[in-house]
Amino acid sequence: MKETKIARAEGKNRRGFMMGALYGIPVLIGGTLAASVGNYLFGKQAAQKSSWADAGDVSDIPRGEPCQVRFERAVVDGWKLKNEQSSAWIVLDEQRHVTAFSPSCTHLGCAYRWQAEKKLFTCPCHGSAFNIQGDVVVGPASRPLDRYATKLEDNRLWLGPLRDSQGA
């Protein structure tokens, strides 16, 4: 009788272990896959941008009128160094002070354009609009346009790291 109870208890323990393994292994695999996919989709980009890029000569840029410039930026991705095409909206004032805006709307990252007749940067995706200083005029964007750090050496414009409008 005692032997039967021990055999039953042992059978229940073995059955519990097997059921735990049958349910636990797929949960473990699924969790690992979910974590990997989440890291891929929402993780930080591994590529790092170099600090300064030559955006070209500004002697032909009209004063007080936004102008889109295209330039190449060196990007370090692991051990590879590659050049990446990029752009910025440049505003050069009468005192040769340069403001360089990121080409992406701060709402959802769409490309915006300058509309001279309205004197606004407008985003065609969701209707956001920004004045020439990059401030929000019409939402849904809730913060100003992001800016590049700039320096002017003679007539050469150098664009540094992108700083978001929140100061990060």
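Reply: Happy to! One cut-off first: a residue counts as buried when its relative accessible area is under 20%, as exposed when it is over 50%, and as partly exposed in between. Cys105 has 5% relative accessibility, so it counts as buried. Please keep in mind that this is a predicted model.

Me: OK, how many disulfides does a search of the whole structure find?
Reply: The search gives 1 disulfide. Its partners are Cys110 and Cys125, whose sulfur atoms are 2.4 Å apart.

Me: What about the handedness of that disulfide?
Reply: The disulfide of Cys110 and Cys125 is left-handed, because the torsion about its S-S bond is about -115°.

Me: Where do Cys110 and Cys125 lie?
Reply: Both are in loops. Cys110 lies in the loop between strand 5 (98–101) and strand 6 (113–115), while Cys125 lies in the loop between strand 7 (120–122) and strand 8 (129–130). The pair therefore ties together parts that are 15 residues apart in sequence.

Me: Are those two buried or exposed?
Reply: Cys110 is buried, since its relative accessible area is 17%. Cys125, at 41% relative accessibility, counts as partly exposed.

Me: Switching topic: which residues form a nonpolar patch on the surface?
Reply: Val37, Tyr40, Leu41 and Phe42 do, and together they have about 560 Å² of accessible area. One of them, Leu41, is found in helix 1, which covers residues 2–42. Leu41 counts as exposed because its relative accessibility is 54%.

Me: Nice. Last one, back to the strands: where is Thr99, and is it buried or exposed?
Reply: Thr99 is in strand 5. With a relative accessible area of 15%, Thr99 is buried.

Me: What is Thr99 in contact with, leaving aside its neighbours within four places in sequence?
Reply: With those set aside, Thr99 is in contact with Trp89, Ile90, Val91 and Arg147.

Me: Great, thanks!

Technical notes
Residues numbered from 1 in each chain as written. Predicted model: local features only at pLDDT ≥ 70, side-chain atom pairs only at ≥ 80, totals over all residues. Heavy atoms only, no water. Disulfide = S-S within 2.5 Å. Helix = DSSP H or I, 4+ residues; strand = E, 2+ residues; numbered from the N terminus. Buried < 20%, exposed > 50% of the residue type's maximum accessible area, 1.4 Å probe, protein only. Patch = residues over 30% accessible without salt bridge, like charges linked within 9 Å, V, L, I, M, F, W, Y side chains within 5 Å. Areas by Shrake-Rupley, 256 points an atom, 1.4 Å probe, with all protein chains shown as cover. Salt bridge = Lys/Arg side-chain N within 4 Å of Asp/Glu carboxyl O. Contact = heavy atoms within 4.5 Å.
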